[in-house]
Every structure is written in structure tokens, then in C-alpha cells.
Amino acid sequence: MWAPDIYEGSPTPVTAFLSIAPKISISANMSRVSIVASYGGTLQQIFFFCSIASMILGALAAMAQTKVKRPLAHSSIGHVGYIRAGFSCGTIEGIQSLLIGIFIYASMTIDAFAIVPALRQTRVKYIADLGALAKTNPISAMTFSITMFSYAGIPPLAGFCSKFYLFFAALGCGAYFLAPVGVVTSVIGRWAAGRLP
């Protein structure tokens, strides 16, 4: 619950680092543990529950935000759930989808937080202020729009491929409840992230 406040109050490079580095570190360590040692069904159920809770919290909380950085924080919370879905499968396909998801998420986040300082220079702080960005800085507006559509998982973009692999891995390991919840929260997240472009 501290992430939106930290994202809003921190300098943008610190925010980008806090958005990417812990997720990569935790995913690498958990992947290493799952490759070396297997975990039981109870731990797998806990991972499924945490993944679902993170996806729901990230999607629903992002809907009520009015500033530019805060939906990125809630999207980060939701993406932890998506990435955890790949890990919680405990299969090679799950780990592969986790690695693909982490790489795509890191790329999207670097792009988003490279654009946010340019938005701050043009005095864009609230989502409502983004309406005039296409007129004042069309290249930044286009790049930011494509990045947010990728965050949302719009089909031809990398974010869709990431979520597709993660949900396919979840279905492959028998998590028949996790994948539909992920799709529903992704649709809700499309609305929240779709407000930014």
C-alpha cells in the first residue's frame, strides 16, 4: 500500500529503480529456489492466492487514481500478480513465462519512466493534463500511449504477449481459476491504463 505514495514522492529515477529491481531480484531468487527444490501443494496454493490478490488489488485500486505516477504504481502491483502466476505453476513453462514477463515488464517500465520526466517538464501532473500533450509534444504523447497500451495488454504489443504466456502457463499447470481472474483483472487494468493515453 506504500507504493503509490513512494512513486509519487520520489524522484523518477528512484521510482524506476524501485519499480524494476525488487521484482527482478525476487523473481530470480524464487526461480532459483523452485528449480533447485520443489515445493508442495500448500505452498503452491498460497502463491496462487497471492497472485490473485495482487492482480485484483492492482486493477481495482488503479481505477480511482487521478495523478500520472499513481496508476503506474498500481499497475506495478498488478504486474507482480501476473508474474507470480508464472512462478506459482512450478513448471518449466511457468518459469519461462516468468522470465519473458519480467523482461517485457522491465522494458515497458523503463520506457514509461523515461517519458515521465518529460511530462513533468511540461507541467503534466494529473491524468486530465495529458489531453493537451498531443499538441505540445506529439512524439512523447505517441510513445507514452504505446507504452500504456502495452501495459494494458492490447494484442499486437509486447504486454499482451507477456500476459498470454503467463496465462497459458497457468492453464497448463491446472490453475483454471487463476487464468480467468487474470484475464478479468487485465480487462479492468485496460480501462485504468487506457485513461493515460
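Which residues does Ser-19 touch, once those up to four places away in sequence are left out? The list is Tyr-7, Ser-76, Tyr-105, Thr-109 and Phe-113. Keep in mind that you're looking at a predicted model. The protein chain comes to nine helices and zero strands, and here's a quick tour of it.

**The whole chain**
- Read from the N terminus on, the elements go α-α-α-α-α-α-α-α-α.
- Along its principal axes, the C-alpha trace spans about 55 × 30 × 25 Å.
- Buried residues make up 48% of the 197 residues.
- Take the contacts between residues at least 6 apart in sequence: 76% of them join residues at least 24 apart.

**Back to Ser-19**
- You'll find Ser-19 in helix 2, which covers residues 12–36.
- Ser-19 has a relative accessibility of 1%, so it counts as buried.

**The nonpolar cores**
- The largest nonpolar core holds 28 residues, and the members that touch the most others are Leu-72, Leu-119, Leu-130, Phe-144 and Tyr-151.
- Helix 1 (3–9), helix 4 (69–88), helix 5 (92–121) and helix 7 (138–152) each put at least two residues into this core.
- Helix 5 gives the most to this core, with 11 residues.
- Leaving aside residues up to four places away in sequence, Leu-119 touches Val-68, Val-124, Leu-130, Leu-133 and Phe-144.
- There's also a second, separate core of 14 residues, which includes Phe-48, Cys-89, Leu-166 and Leu-178.

**Helix 7**
- Helix 7 has 15 residues and reaches 21 Å from its first C-alpha to its last, close to the 21 Å expected at 1.5 Å a residue.
- Its buried residues are Ser-140, Ala-141, Phe-144, Ser-145, Thr-147, Met-148, Ser-150, Tyr-151 and Ala-152.
- Just after helix 7 comes Gly-153, with a positive phi of about 90°.

**Helix 8**
- Helix 8 runs over residues 158–172, and its 15 residues reach 21 Å from the first C-alpha to the last, close to the 21 Å expected at 1.5 Å a residue.
- Gly-159, Ser-162, Lys-163, Leu-166, Phe-167, Ala-169 and Ala-170 are the buried residues here.
- Look down the axis of helix 8 and these buried residues fall within an arc of 155°, so they line one face of the helix.
- As a rule, an α-helix has 3.6 residues a turn, so residues three or four places apart point the same way.
- On the face of helix 8 turned away from the buried side sit the exposed residues Phe-168 and Gly-172.
- Just after helix 8, Gly-174 takes a positive phi of about 90°.

- Ala-175 belongs to the loop between helix 8 and helix 9 (178–194).
- Is Ala-175 buried or exposed? Ala-175 is buried, with a relative accessible area of 6%.
- Not counting residues up to four places away in sequence, Ala-175 touches Phe-48 and Ala-170. Phe-48 is one of the residues in the second core, and Ala-170 is among the buried residues of helix 8.
- From C-alpha to C-alpha, Ala-175 and Gly-159 are 21 Å apart in space, and they sit 16 residues apart in sequence.

Definitions and conventions
Residues numbered from 1 in each chain as written. Predicted model: local features only at pLDDT ≥ 70, side-chain atom pairs only at ≥ 80, totals over all residues. Heavy atoms only, no water. Helix = DSSP H or I, 4+ residues; strand = E, 2+ residues; numbered from the N terminus. Expected span 1.5 Å × (residues − 1). Buried < 20%, exposed > 50% of the residue type's maximum accessible area, 1.4 Å probe, protein only. Arc of directions from axis to C-beta. Contact = heavy atoms within 4.5 Å. Core = buried A, V, L, I, M, F, W, Y, C linked by side-chain atoms within 4.5 Å.
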